[in-house]
Amino acid sequence: MSWQYTPYGLLLVVAAVTSLATAAWAARGWHNRGTPVFVALLCSLSLWAGSDAAQLASTTLSGKLFFRTLGYVGHNLVPVLLLLFAFQYTGRGRWLSRRAVGVVALEPLVVAFVVTPTDALGWHDLIWPAVSLRTVEGVVLLSRSFGPWY
């Protein structure tokens with residue numbers, strides 16, 4: 001797999017490392033209210049930023065699709081974890097039954113399944129019906145059209 005440098009990728013690496021370092025620092029207070037969810041939120045942000053950085057640096061279609069798909073895991077968990085953290089941190093964690101958390105987490109789980117390369121089932125087309133590479137000012141980018149699920 002070949003790689004390319006873009007300044008945008010460097011900013012994403014800085015964001016990923018900063019999020020991960022903050023998660024490690026926050027984990028020291030694991031017993032505090034909301035800390036476990038906050039650490040998970042920061043790890044999801046780090047996964048999202050790191051995957052986007054790798055996707056920008058990759059020059060092959062398979063590499064870009066792999067990192068874009070991996071980024072969706074972090075990308076889709078962030079809103080759910082942010083909501084859970086807000087409820088726990090503000091003392092409203094009692095509102096979060098297992099059923100409520102399951103309902104909120106259902107959409108990201110479905111999207112994670114749909115976005116995985118399931119070409120045999122044809123579900124990948126629900127997110128990206130057409131993907132290709134294009135070069136803009138010497139940088140290889142992922143070009144995709146968006147399907148009905150997007």
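Mentor: Happy to. Keep in mind that this is a predicted model. The largest nonpolar core has eight residues: Leu-65, Tyr-72, Val-111, Val-114, Val-115, Ile-127, Trp-128 and Leu-142.

Trainee: Which elements give two or more residues to this core?

Mentor: Those are H3 and helix H4, the latter covering 98-115. H4 provides the largest share of the core, three residues. There is also a second, separate core of seven residues, and among them are Val-78, Val-80, Leu-81 and Leu-84.

Trainee: Let me pick one member of the largest core. Is Val-115 buried or exposed?

Mentor: Val-115, which is found in helix H4, has a relative accessible area of 1%, so it counts as buried. For a sense of distance, take Phe-87, which is 28 residues away from Val-115 along the chain: the C-alpha atoms of the two are separated by 29 Å.

Trainee: How do the secondary structure elements follow one another along the sequence?

Mentor: The pattern reads α-α-α-α-β-β, with four helices and two strands in the protein. The C-alpha trace spans about 50 × 35 × 20 Å along its principal axes. Of the 150 residues, 35% count as buried.

Trainee: And where is confidence lowest and where is it highest?

Mentor: H4 is lowest, with a mean of 82, while helix H1 (residues 7-26) is highest, at 96. The protein averages a pLDDT of 86, and 92% of the residues score at least 70.

Trainee: Now the aromatic rings, please. How should I describe a pair of them?

Mentor: A pair of aromatic rings is described by two quantities, the distance of the centres and the angle of the planes. In this model, a search of the whole structure finds five aromatic pairs. One of them joins Phe-38 and Phe-85, with 5.1 Å centre to centre and 35° between the planes, and is tilted.

Trainee: What else does Phe-66 take part in on the surface?

Mentor: Phe-66 belongs to a nonpolar surface patch with Leu-70, Val-73 and Leu-77, and the four have about 310 Å² of accessible area together. Leu-70 lies in helix H3. Its relative accessibility is 31%, so Leu-70 counts as partly exposed.

Trainee: Let us turn to charges. How many salt bridges does the count come to?

Mentor: The count comes to one salt bridge. In that bridge the side chains of Arg-68 and Asp-52 meet at 2.4 Å, N to O. Arg-68 is in helix H3 and Asp-52 in helix H2, 16 residues apart, so to speak of their place in the chain, the pair links distant parts. Both Arg-68 and Asp-52 are buried.

Trainee: One last feature, the backbone. What should I look for in phi?

Mentor: Most residues other than glycine have a negative phi. Here Glu-137 has a positive phi of about 50°, although it is not a glycine.

Trainee: Where is Glu-137 placed?

Mentor: Glu-137 is in the loop between strand S1 (130-136) and strand S2 (139-145). With a relative accessible area of 81%, Glu-137 is exposed.

Notes
Residues numbered from 1 in each chain as written. Predicted model: local features only at pLDDT ≥ 70, side-chain atom pairs only at ≥ 80, totals over all residues. Heavy atoms only, no water. Phe/Tyr/Trp six-rings, centres within 6.5 Å; stacked < 30°, edge-to-face > 60°. Core = buried A, V, L, I, M, F, W, Y, C linked by side-chain atoms within 4.5 Å. Buried < 20%, exposed > 50% of the residue type's maximum accessible area, 1.4 Å probe, protein only. Patch = residues over 30% accessible without salt bridge, like charges linked within 9 Å, V, L, I, M, F, W, Y side chains within 5 Å. Areas by Shrake-Rupley, 256 points an atom, 1.4 Å probe, with all protein chains shown as cover. pLDDT = per-residue confidence, 0-100.
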